[in-house]
Protein chains: 2
Amino acid sequence: MSKISISELGEAGTADEFDLQNFLPYLLNQAAEVSSLAFQKIYKDRYGMLRTEWRVLFHLGIYGRMTAKEIGDRSKMHKTKISRAVAKLAERRFLTRERDEADRRLEFLELTAAGRKAYRDLREVALEYDLELASQFSPEEAETLRRLLHKLAGNMDG
Amino acid sequence: MSKISISELGEAGTADEFDLQNFLPYLLNQAAEVSSLAFQKIYKDRYGMLRTEWRVLFHLGIYGRMTAKEIGDRSKMHKTKISRAVAKLAERRFLTRERDEADRRLEFLELTAAGRKAYRDLREVALEYDLELASQFSPEEAETLRRLLHKLAGNMDG
DNA sequence: AGTTAACAGTTGTGTATGTAACTAACAACG
DNA sequence: CGTTGTTAGTTACATACACAACTGTTAACT
């Protein structure tokens, strides 16, 4: 029922039954988009942040002081996106930058009090939101879903 | 093990264990991004298309002659994206536009021979690619994955 | 030391996107 | 009919993004 299949296709007829709704890249994108919407609205409305910005905020909130490079390695986001997100967060006093005097190419990033506050607030929202999303499923289903998604995502370090 | 949870958080300590990798919106986005990459490369390299464009192409390939409005209803894409994708596809002679004389606001869109050829080619790629993605899982797992994603996506008409 | 390569991070440029405003056509109601 | 509202589709503008080129710094090799 959910398999992707094409009916016998006469070369002339457009008798076509490709199941777009079950094509995994399409389906994954739809699910990702829909299930990001409500959370996106919150960090956008409440803090004027973009997706890249909350991600950087969360990385610093969770793992603490680190460089942009490390954020890039963990998140697989491109360095230009990170650079601009860090600039925005610094401008809004959510983080501080400190040059590494041992290797002056590096900059240590660290959340300010305001940054940690924003992080804790959004973390709380995220926890509730994740719970709400997962509540559509049985615990086993939710567990399976996360496992399969991890596999698809190519086993990010996690 | 994959549940999201926060350890006891002393108000001072940044002893933080929010599990970003298991936060569903984040995880879904990662999985969607990774699993779209190889397919994206193909429709981009081979036909210079964007995501919106192959989606429109597929809608017309699958369902046949229809208006931009109908594509919007089915795909939940915003009408401006569709408008631009249609313009690009028309410019490249992948589809034709025909005004509805009964209601002159409407335009019927239909793939040209070249458009159908591109569609069939990409459909073939998509079928193989979906199979390859799904092959990481047991048939039951793949089935479950699609079912749960449908639920998350808010049960698109599909 | 001096040249070359590698690396962290930033900036510039073209393109894509979201939002709102717009145009043209139809519908509904007096 | 004429005004008002609604709809299909396009355009304008401001923002976000990808990708390449750039700056400044460290490492590597001679």
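## Surface near DNA strand C

Helix 4 of chain A, with 5 residues, gives the most to the surface near DNA strand C, where helices are DSSP runs of H or I with at least four residues, numbered from the N terminus. This is a predicted model, in which local features need pLDDT of at least 70 and side-chain atom pairs count only at pLDDT 80 or more, while totals for chains, interfaces and linings use all residues. Residues are numbered from 1 along each chain as its sequence is written, and chains are lettered from A and ligands numbered from 1 in the order in which they are written.

DNA strand C is surrounded by 20 residues, the closest being Ala68(A), Lys69(A), Ser83(A), Arg105(A) and Arg104(B); a residue is near a strand if its C-beta atom, placed from the backbone, lies within 6 Å of it. Two or more residues each come from helix 3 (68–75) and helix 4 of chain A, and from helix 2 (51–63) and helix 4 of chain B.

## Surface near DNA strand D

Around DNA strand D there are 19 residues, of which Arg104(A), Ala68(B), Lys69(B), Ser83(B) and Arg105(B) come nearest. Helix 4 of chain B supplies the largest share of this surface, 4 residues, and at least two residues each are supplied by helix 2 (51–63) and helix 4 (79–91) of chain A and by helix 3 (68–75) and helix 4 (79–91) of chain B.

## Ala113(A)

Ala113(A) lies in helix 5 (residues 113–134) of chain A, and its C-alpha atom is separated by 7.5 Å from that of Phe94(A), 19 residues apart along the chain.
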